[in-house]
Amino acid sequence: MGRLTVRRPVRRFSSHGQRVRPDTLAVEEPMELRVGGKALAVTMRTPGSDVELAHGFLLSEGVIGARADVLTARYCDGVDDSGRNTYNVLDVALAAHVPPPEAGVERNFYTTSSCGVCGKAALDAVRLKTRFDPSGSTLNLTPEVLAGLPDALRERQRVFASTGGLHAAALFDADGSLLVVREDVGRHNAVDKAIGWALLEERIPLATCGLLVSGRASFELVQKAAMAGIPVLAAVSAPSSLAVELAEEHGITLVGFLRGESMNVYCGAERIVGAD
């Protein structure tokens, strides 16, 4: 698994006493994203799929809308004490027709692994307008398809299985097939990686796909879904009040507490086959 995990000794206490044994931890490292050589954001992430992460982040911030909007994405500058590249600085060059990011996109300091919007330079920039309206999507899903998604996701959470410390995001189709699964210490990073994959595969807008997340559905995740044209967001855990409001505003079907055969549909129930 390379830099995705590390092994560290841990002292384990139990009713049988204590012992020292190795434990597998998910790696968390900073990644600085630059656009045209100018620092744009620093996010704490699990290394891997960094180019997808950059593309997904730029799309969800409204900077780009297609693969052709990016000329190159390359690692640069970041070195450790021995002079080796840390692969923690990624510089993106935009195509000539793409304007540079607006000031509101810039982060004052950094984005933590738990929050993707807390470093916004301007609160007005938090609520972004999508170029891919998801409200007109004709995607319909059965409760049975939705119910099978969490188990399918868990089977493909390779790093979570060994660490228990990562979030996951997946894109799925109307049949419940998972098109891509990405893991990260940050739930927003996992979503950006999945959306970035779709952009690089030239699948944007994702009008015929849903987004599944392994944790809660926050405002920022609904926003990312809207920016990619995703009409359905399903979460294993709870949504926030602002997530529901934003989902209603963009015509997104929001499903929470997706566990076994039960689920809560907070808005957009017309996309669920058989809903009254």
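## A tour of salt bridges and a helix pair

Begin by selecting lysine 224, which is buried at a relative accessible area of 6%, where buried means under 20% relative accessible area with a 1.4 Å probe and protein chains only. The model on screen is predicted, so that local features need pLDDT of at least 70 and side-chain atom pairs count only at pLDDT 80 or more, while totals for chains, interfaces and linings use all residues. Residues are numbered from 1 along each chain as its sequence is written, and side-chain values use heavy atoms, with hydrogens and water left out.

Because aspartate 192 lies in helix 4 (residues 187–200) and lysine 224 in helix 5 (residues 219–227), the pair ties together parts that are 32 residues apart in sequence; helices here are DSSP runs of H or I with at least four residues, strands are runs of E with at least two, and both are numbered from the N terminus. Aspartate 192 is buried as well, at 0% relative accessibility.

Next, select aspartate 184 and lysine 193, whose closest N and O atoms are 2.7 Å apart in a salt bridge; both residues are buried.

Glutamate 52 is buried, with a relative accessible area of 12%. The structure holds 7 salt bridges.

Finally, return to helix 5 and display helix 6 (residues 241–250) beside it: the two axes, lines fitted to C-alpha atoms over the stretch in contact, come within 8 Å and cross at roughly 20 degrees, on a scale from 0 to 180 degrees between N-to-C directions. Helix 5 is therefore roughly parallel to helix 6, a label given to angles under 35 degrees. To see the contact, defined by heavy atoms within 4.5 Å, select Phe219, Val222, Gln223 and Ala226 of helix 5 together with Leu242, Ala243, Leu246, Ala247 and His250 of helix 6.

Notes
Salt bridge = Lys/Arg side-chain N within 4 Å of Asp/Glu carboxyl O. Buried < 20%, exposed > 50% of the residue type's maximum accessible area, 1.4 Å probe, protein only. Parallel < 35°, antiparallel > 145°, perpendicular 65-115°, else oblique.
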